[in-house]
Amino acid sequence: MPEASTVPGRSMIKELTAIRGIAAAWVVLFHFRAPVFGLLPISQHMKRWLDSGYLGVDVFFILSGFVIAHVYTAELSTGNWRRYSRYLGARVARLYPVHLTLLLFLLAGDALSIAKPPVRDSVGSFIGNVLMLQAIPPFQAWNGPAWSITYELGAYLLFPLLAFALVRIPTARSSFACAAAVSLLGIGLMALALSEPGARPYRTVPALLRITFEFTTGGLLHRGWSLLRRHRNRMWDALALTAACCTAVCLARVPERYDCHILVIPLLAFLVLACTRSAGAVSSFLGSRILQWSGRISYSLYMTHFVTLNLASLIILRWQHVALHAFPVRIGVLIAYMSFAVGSAHLVCRFIEEPARRRLRRWFDARRSDDSPSAVAPATSNED
């Protein structure tokens, strides 16, 4: 989940930062829906939208393709090995510190019988997670949400091949047409893969299809975005709102299964594109402080919320114990759960994710400088 930020010659796309925060919140609500429904029964009216919250991961994959293309296409389309190594260093620095921190926390929690990973007492499983292979059988993710970063890292590794193709697309129209074709092909193949008995959207074949087609769609959308002659205008606000409304209506109407929910993925991709071109109310809303902050902590929130959901029942109390209490008590416990998750993510982002990322990038850059005095100087960026 890369940030939409700046490098030389690349302006920040603040709307994508906000969309990342909204997508992370959608995933969190999906996993928190048991206490939400139990403590706030009226929320059952939103059940269809909360039950589809795992689509936030699909939004992440589209955003990743768009943002990585925005920041790195020109740099990596030439096949320069030094630039590629710097890029990979930045990507590892982005994903790994929070992932490793949570693994060590779960290891300690398992030893103390506080926070138990799904595969206990398995050295091989732990090593697989340390190597970020947790989504590849026979390994299993100790931290549930971490399955997606295995596939995201794979997309990062192969991105130069996509960059080589992107720079050869001559017009915005052809790039958008390719994005539509790739998205529709991906939907068809994912539906086919999910028709197999026991298939799940986070398991190997469906997950590989998700990252491949959605990341590529994001990259193609960025290529078309960058080739558009006219930039921001209010027409895109109307298109963004239309795409959001159509998505909500589709999710309310289609059966509650991922093989049906994937029908909204092209709408989500178009929503991302429209938001980046908005110039009115949509842009102002997404540029608000609270949404920009939510985008900055989104990776930490996504990676920590499984753990904080389990810890909240120990540190605060089990929500089931107050499910029949008065409304003020129930809503207070629900707010405490949410505040604990968001507050923990903020602390992890501030004291682990951001400092570790900066230190790792400096370390990677120093090593390259030692190996080659002529290496390209590191770009100034808050994207990585």
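Predicted model: local features only at pLDDT ≥ 70, side-chain atom pairs only at ≥ 80, totals over all residues.
**Cavities, pockets and helix packing**

The largest share of the lining of the largest cavity, five residues, comes from α8. The largest cavity holds about 50 Å³ of space, and the count of cavities of 30 Å³ or more comes to three.

Which residues line the largest cavity? They are Ile62, Val182, Ser183, Gly186, Ile187, Met190, Phe213, Glu214, Thr217, Ile265 and Ala269. At least two residues of that lining are supplied by each of α8 (172-194), α9 and α12. By class, the lining divides into seven nonpolar residues, three polar residues and one charged residue.

The largest pocket has a volume of about 750 Å³. Its lining comprises 33 residues, of which Gly144, Pro145, Trp147, Tyr202 and Phe306 are the closest to the centre. Two or more lining residues come from each of α1 (14-31), α9 (204-227) and α15 (298-315). Of the elements, α15 gives the most to this lining, with five residues.

How many charged residues does the lining of the second largest pocket have? It has no charged residues; 22 are nonpolar and one is polar.

I now move to helix packing. Two packed helices are described by the angle between their axes and the distance between the axes.

On the α1 side, the contact is made by Arg20, Gly21, Ala24, Val27, Val28 and His31. On the α15 side, the residues are Ser298, Leu301, Tyr302, His305, Phe306 and Leu309. Phe306 has also been named among the residues closest to the centre of the largest pocket. By class, the contact of α1 with α15 has seven nonpolar residues, four polar residues and one charged residue.

Next comes α4 with α9. The axes of helix α4 (residues 55-76) and α9 come within 7 Å and cross at roughly 45°. Are these helices parallel or oblique? The angle makes α4 oblique to α9. The crossing is right-handed. From α4, the residues in contact are Val57, Asp58, Phe61, Ile62, Ser64, Gly65, Phe66, Ile68, Ala69 and His70. From α9, they are Arg210, Ile211, Glu214, Phe215, Gly218, Gly219, Leu221, His222 and Trp225. In this contact, 10 residues are nonpolar, six are polar and three are charged. Two of its members, Ile62 and Glu214, are also in the lining of the largest cavity.

The remaining pair is α5 with α6. The axes of helix α5 (residues 81-111) and helix α6 (residues 123-130) come within 10 Å and cross at roughly 160°. That value makes α5 roughly antiparallel to α6, because it is over 145 degrees. The crossing of these helices is left-handed. Tyr96, His99, Leu103, Leu104 and Leu107 of α5 meet Phe126, Asn129 and Val130 of α6. The contact of α5 with α6 contains six nonpolar residues, two polar residues and no charged residues.

I close with the backbone. Most residues other than glycine have a negative phi, and most peptide bonds are trans. Against that background, two sites call for attention. The peptide bond from Pro137 to Pro138 is cis, with omega near 10°. Met132, a residue other than glycine, has a positive phi, near 65°. Where is Met132 placed? Met132 lies in the loop between α6 and α7, and Pro138 is likewise placed in the loop between α6 and α7 (147-166).

Terms used. Residues numbered from 1 in each chain as written. Heavy atoms only, no water. 1 Å grid on protein atoms, 1.4 Å probe; cavity = no way out; pocket = protein on both sides within 12 Å on 5 of 7 lines; lining within 4 Å. Points joined across faces, edges and corners; volume = space filled by probe spheres on them. Helix = DSSP H or I, 4+ residues; strand = E, 2+ residues; numbered from the N terminus. Nonpolar A, V, L, I, M, F, W, Y, C, P; charged D, E, K, R; others polar. Axes fitted to C-alpha atoms, helices over the stretch in contact; angles between N-to-C directions. Parallel < 35°, antiparallel > 145°, perpendicular 65-115°, else oblique. Left-handed = near helix turned anticlockwise from the far one by under 90°. Contact = heavy atoms within 4.5 Å.
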